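Please examine the sequence and the three-dimensional structure shown here.

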Amino acid sequence: MPKITVVNYLSVENISKSFGERTLFENISFGINKDQKIAFIAKNGSGKTCIMKIINGEDEPDTGQVVVRKDIRMAFLSQDHNLQDELTIEESIFASDNEVLKVIERYEKALEHPEDEEAYQKAFDDMDRHNAWDFETQFKQILFKLKLEDFKLKVKNLSGGQKKRLSLAIILINRPDLLILDEPTNHLDLEMIEWLESYFAKENITLFMVTHDRFFLERVCNEIIELDNGKLYQYKGNYSYYLEKKEERIASENSSIDKAQNLFKKELEWMRRQPKARTTKSKSRQDDFYVIKQKAESRRKENVVELEINMERMGSKIIELHKISKRFGDHVILDNFTFDFQRGARIGIIGKNGTGKSTFLNLLTGTLPLDGGKVIVGDTIKIGYYTQSGINPKPGQRVIDIIKEYGEYIPLAKGRIISASQLLERFLFDSKKQYDYVEKLSGGELKRLYLCTVLIQNPNFLILDEPTNDLDIVTLNVLESFLLDYPGCLLVVSHDRYFMDKIVDHLFVFRGQGEIENFPGNYSDFRAYEDSADVAQKEENKAEKKDWKQQNNTSGLSFNEQKEFQKIEKEIKELELKKKEIEQLFSDGKVADADIEKKANELQAVIQKLEEKEERWFDLSSKIE
């Protein structure tokens, strides 16, 4: 067997990072090799983004170093964009050191000034010399897939999601050797995510990324690195493999700890029986005792979010939508939409960006006014609305202050109560973290705190707008378990396909321009339905092509004659158009006196060539059976 050469792109060597007394991570080491597609998994607040920034050179570790292979081109997609507000989308793309992009930029400018024939010819020749035609097609396809089709839009006029997509597009177009990606699927709709998933899966590209999208992990990544309780674990496989091996690892660790605890009990009895004077042999056993003691007390702390709710009683009338309508100018969001929510409804909302998913939630909750129709909310319905905007803390506000706004004590099920501090501990905010300033929290911690404020109001109709953004996988699993047992109504907008599959059984599919499709099933059911519809359409197209071929049967011609026959039909059409164009010039009197002879000769040549092609076409058509 030929020897496989491993090309190391980057090595992280014994890095550590602390903020004051808090240690994020210590002595972390791993490598990234060519063609690896690595996902980095850790709980929120454990330092994922910090590690990404250290790798990219935006931050320095307290100890250790990052060694990057010479001449490796790296690109980092962070949560914050580094775009220039005054540039257009097109200018932002061309503002790089990529030579092929510079060639394409010169060609695009030459197209705007066709009168400068010399500049156009040079730009055209440069496109040929750098093989830039395919590259131009590829980068325009990337922009099209990411819905960035108006090249003249300025960055300052883009939404936050559009800026994130533009940053992603620039990275993909420049094709670096190593991509470092922090939550690449945020701000993408489902169609974009599935395209990006397919793009990464098929491209020979090296990735290191943080993502909570478990379908993405499953289908793209070939290795997972997990930071768990300060230790690093590596799994050579996708998400399913990681789940299986992690479960085995934890079971093995717990078994080893159980054995150590049994041994510890025996050794503790021996230690208590020993006289003060120690022999060399007993001294050695005493040293071993402390090693066993450390092992016995090392059981992992499985701190997970605990969600509980004292849901308000729900009457028979839930929420009724009667012919509701909304539009912004020519952009139709809803057009006489009617729906009656029933008890236990678990509905997911999907659709492309800009089709009105979040607007629909705002109309339902009265945050936005309707253009027509009415929303009737039952007397017993208490809505809990988790929006994308999140918490807006006052300056200097601490974590516990946010919860105390709802009371010092919070009611739970069965008449129990809990203090604000105890509730925060259930949401993984320890006593020290509770007195942190809210602005110091990570994105995931902010989302977790916001979720806490929504649930403590004990809603019986829960509306969640992109609840999975920035949540770690551990918290996601807890949230899913809670929602599976949630007895009230649920309405969710999310691009997390794994999440949607688990918790909803009905979909509103926003098609755009007011078209909303009711689909009975979860996301995977919908995809299977759509794919089967696509297959049926393709089969129908094939049948149409087959019918056309039968109607235009070219049997009786050799293979080369068939190719010639198809080509000659196109050439005849082109010559007829050329003939008509020249004749029109003569008819309109637009031919200068000095050019009359030249144009007349050109017309004669076209007529002669047309006659030759038509004669050949008749020869070939006479052979067709």
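A residue is called buried when its relative accessible area is under 20%, exposed when that area is over 50%, and partly exposed in between, with a 1.4 Å probe and protein chains only. Strands (E, at least two residues) and helices (H or I, at least four residues) are DSSP runs, numbered from the N terminus. The model is a predicted one, in which local features need pLDDT of at least 70 and side-chain atom pairs count only at pLDDT 80 or more, while totals for chains, interfaces and linings use all residues. Residues are numbered from 1 along each chain as its sequence is written, and side-chain values use heavy atoms, with hydrogens and water left out.

The sheet to consider is open and consists of six strands in the order 5-6-7-3-8-9, with mixed pairing; two strands pair if DSSP finds at least two bridges between them. Strand 5 (74–77) and strand 9 (231–235) form the edges, each pairing on one side only. On average, neighbouring strands of this sheet are turned by 15° against each other, direction ignored. Such axes are lines fitted to C-alpha atoms, for helices over the stretch in contact, and angles run from 0 to 180 degrees between N-to-C directions.

Within this order, strand 3 (residues 37–42) has six of its six residues buried, so it is largely enclosed by the rest of the structure. Strand 3 pairs with strand 7 (residues 206–210) in the parallel sense over three bridges, and I38 stands opposite F208 in strand 7. Strand 3 also runs parallel to strand 8, to which five bridges join it; there, E226 in strand 8 is the bridge partner of I41.

I224 stands opposite Y235 of strand 9.

Strand 9 also contains Y233, a buried residue with a relative accessible area of 18%. Leaving aside residues up to four places away in sequence, Y233 touches I224, I225, E226, D228, R249 and E253, where contact means heavy atoms within 4.5 Å. With R249, the side chain of Y233 makes a polar contact of 3.5 Å. That term denotes a pair of N or O atoms within 3.5 Å; within protein, one must be able to donate a hydrogen and the other to accept it, and residues adjacent in sequence count only if both atoms are side-chain atoms. Y233 and F30 are 203 residues apart along the chain, and their C-alpha atoms are separated by 9.7 Å.
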